[in-house]
Amino acid sequence: MNEEKVKVPEYIKFLNSNPNEKMKQYMQENDLNIKQFSKIIKVNENTVANWINKGTQISIQTFNKLKNMKKNLENKKHKHKSRESELEP
């Protein structure tokens, strides 16, 4: 019997990947507190605190905001590194 592999959407994978811990780690790596992080992603500070403490599930809309924010920050870091290398003698 040949079974088809079921493709799991990116959002479901995210929910199953312990996102609250990933969020904590991301905030630490980028020196952000809950208030700063919530402002960046335009989500209520209490909501972010609930996610981190496993109080609520992250919606798909907010997942997309987080994904886009991460890409934007990574692009900014990459651009900054490129500029630094241009300035090196």
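The structure holds two salt bridges, a salt bridge being a side-chain nitrogen of Lys or Arg within 4 Å of a carboxyl oxygen of Asp or Glu. This is a predicted model, in which local features need pLDDT of at least 70 and side-chain atom pairs count only at pLDDT 80 or more, while totals for chains, interfaces and linings use all residues. Residues are numbered from 1 along each chain as its sequence is written, and side-chain values use heavy atoms, with hydrogens and water left out. A search of the whole structure also finds three aromatic pairs.

**Salt bridges**

- Helices (H or I, at least four residues) are DSSP runs, numbered from the N terminus.
- Glu-10 is partly exposed at 48% relative accessibility, and Lys-67 is partly exposed at 25%. Buried means under 20% relative accessible area, exposed over 50%, and partly exposed in between (1.4 Å probe, protein chains only).
- The side chains of Lys-24 and Glu-21 also meet in a salt bridge, at 3.2 Å from N to O.
- Both Lys-24 and Glu-21 lie in helix α2 (residues 19–29), three residues apart, which is about one turn of the helix.
- Lys-24 has a relative accessible area of 30% and is therefore partly exposed; Glu-21, at 36%, counts as partly exposed.

**Aromatic rings**

- A pair of aromatic rings is described by the distance of the centres and the angle of the planes. Rings of Phe, Tyr and Trp (its six-membered ring) pair if their centres lie within 6.5 Å; planes under 30 degrees apart count as stacked, over 60 as edge-to-face and the rest as tilted.
- The ring centres of Phe-14 and Phe-63 lie 4.8 Å apart with the planes at 45°, so this pair is tilted.
- Phe-14 in helix α1 and Phe-63 in helix α5 are 49 residues apart, and the pair links distant parts of the chain.
- Phe-14 is buried, with a relative accessible area of 15%, and Phe-63 is buried at 7%.
- Ring pairs link Tyr-11, Phe-14 and Phe-63 into a cluster.

**Positive phi in loops**

- Asp-31 is not a glycine, yet its phi is positive, at about 50°. Asp-31 is placed in the loop between α2 and α3 (34–41) and is exposed, with a relative accessible area of 66%.
- Lys-42, a residue other than glycine, has a positive phi near 55°. Lys-42 is found in the loop between α3 and α4 (45–52) and is exposed, at 69% relative accessible area.

Key:
Helix = DSSP H or I, 4+ residues; strand = E, 2+ residues; numbered from the N terminus.
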